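Student: Please walk me through this model.

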Amino acid sequence: MLRIYVAKMNTESMMEREGEYLSRLPAWRQEKAKRLRRPVDRAVSVGAWLLAEHALEKEFGLLPGDYRVKLGERGKPELVAGDKNVFFSLSHTGNIAAVATAEYPVGLDIEQKEDPGLRMAYRMFAPAEKERLEGFSKSAAGDAPESQMIFRDIWTGKEAYLKYTGEGISVALSSFYADEASGRVYRKRRKAAGYYPEDCFIKTLRLENGLCSLSVCTPEEDLETEICFCSV
């Protein structure tokens, strides 16, 4: 069972106490938050880390002094907690933050923005993903709620996979996709035709009455998940 912690932020309160909350964050997260221009974005970034601390305590009994975060070779945050194998991934969109912690690698992404249009998808998505979007004309895509949800599902799945691998935007988005039925990720290989199965799976959930998509990537097939709504 993978518990995913989700919180809606009281951004006004957090902006008023920004200095206090920032001081509670590790240095790398402080710098990440400070690079955000808008105060509301900084507030949610700060809140996302406080939510991560909450999740780590609930799931593993870890307090902030029990672990540290190091940045991996590709800049992916990695948790160091003695002899414990603990992994985490966090994301935020609008005033919503989400965190997943596990004993195995995990990547998570959450998104509530509207579909920017199928033209972008056709440039950046794999053929199988384009097929999922068929049936919605390019001109109507922005007005079709279902196409927006499908787009968010695909997009968050891609982001979750790139967080899982730690590769970030260095990978072409059309070079991999998640099978709609099984969730297994398939990826192109150098100098080889077609897509080949990876040892990881993506599961996508819809929140906020379908207005928000959340995807997690893990090595677990048929992953059971539980959403834990909480406040920070």
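Student: Which residues touch the most other members in the largest nonpolar core?
Tutor: V46, W49, L62 and L79 do, in a core of 31 residues. A nonpolar core here is a set of buried Ala, Val, Leu, Ile, Met, Phe, Trp, Tyr and Cys residues joined through side-chain atoms within 4.5 Å. Buried means under 20% relative accessible area, exposed over 50%, and partly exposed in between, with a 1.4 Å probe and protein chains only.

Student: Which elements give two or more residues to this core?
Tutor: They are β1 (2-8), α2 (18-22), α3 (27-34), α4 (39-60), β4 (87-93) and β5 (96-102). The largest share, 11 residues, comes from α4. Helices (H or I, at least four residues) and strands (E, at least two) are DSSP runs, numbered from the N terminus.

Student: What are the ground rules for the numbers?
Tutor: This is a predicted model, in which local features need pLDDT of at least 70 and side-chain atom pairs count only at pLDDT 80 or more, while totals for chains, interfaces and linings use all residues. Residues are numbered from 1 along each chain as its sequence is written, and side-chain values use heavy atoms, with hydrogens and water left out.

Student: Changing topic. In what order do the 5 strands of the open sheet come?
Tutor: The order is β6-β10-β9-β8-β7, with antiparallel pairing. β6 and β7 (176-178) stand at the edges with a single partner strand each, so one side of each has no neighbour in the sheet. From one strand to the next, the twist averages 25 degrees. Two strands pair if DSSP finds at least two bridges between them. Axes are lines fitted to C-alpha atoms, for helices over the stretch in contact, and angles run from 0 to 180 degrees between N-to-C directions.

Student: How many bridges join β7 to β8?
Tutor: There are 3, and the two strands run antiparallel, with β8 covering residues 184-188. F176 stands opposite R187, and A178 stands opposite V185. The hairpin has 5 residues between the strands, and G183 in it takes a positive phi near 85 degrees.

Student: What about β8 and β9, how many bridges there?
Tutor: Those two pair in the antiparallel sense over 4 bridges. The bridge partner of Y186 in β9 is P197. This hairpin has 6 residues between the strands, and K191 takes a positive phi near 55 degrees.

Student: Which β8 residues are on the covered face?
Tutor: V185 and R187 are on the covered face, whereas R184, Y186 and K188 are on the uncovered one.

Student: Which strands does α7 lie across?
Tutor: α7 lies across β6, β7, β8, β9 (195-207) and β10 (212-218), running at about 30 degrees to β10. The helix has 21 residues (145-165) and reaches 31 Å from its first C-alpha to its last, close to the 30 Å expected. That expected span is 1.5 Å times one less than the number of residues. Of the 21 residues of α7, 16 are buried, so the helix is largely enclosed by the rest of the structure. Just after α7, G166 takes a positive phi of about 80 degrees.

Student: What does E111 touch?
Tutor: E111, in strand β6 (residues 107-111), touches T93, R152, W155, T156, L211, C212 and S213, residues up to four places away in sequence not being counted. E111 counts as buried, at 16% relative accessibility.

Student: Last one. How many disulfides are there?
Tutor: A search of the whole structure finds 0 disulfides, a disulfide being a pair of cysteine sulfur atoms within 2.5 Å. For C228, the nearest cysteine sulfur is that of C230, 7.3 Å away, which is too far for a bond. C228 is buried, with a relative accessible area of 15%, whereas C230 is partly exposed at 22%.

Technical notes. Contact = heavy atoms within 4.5 Å.
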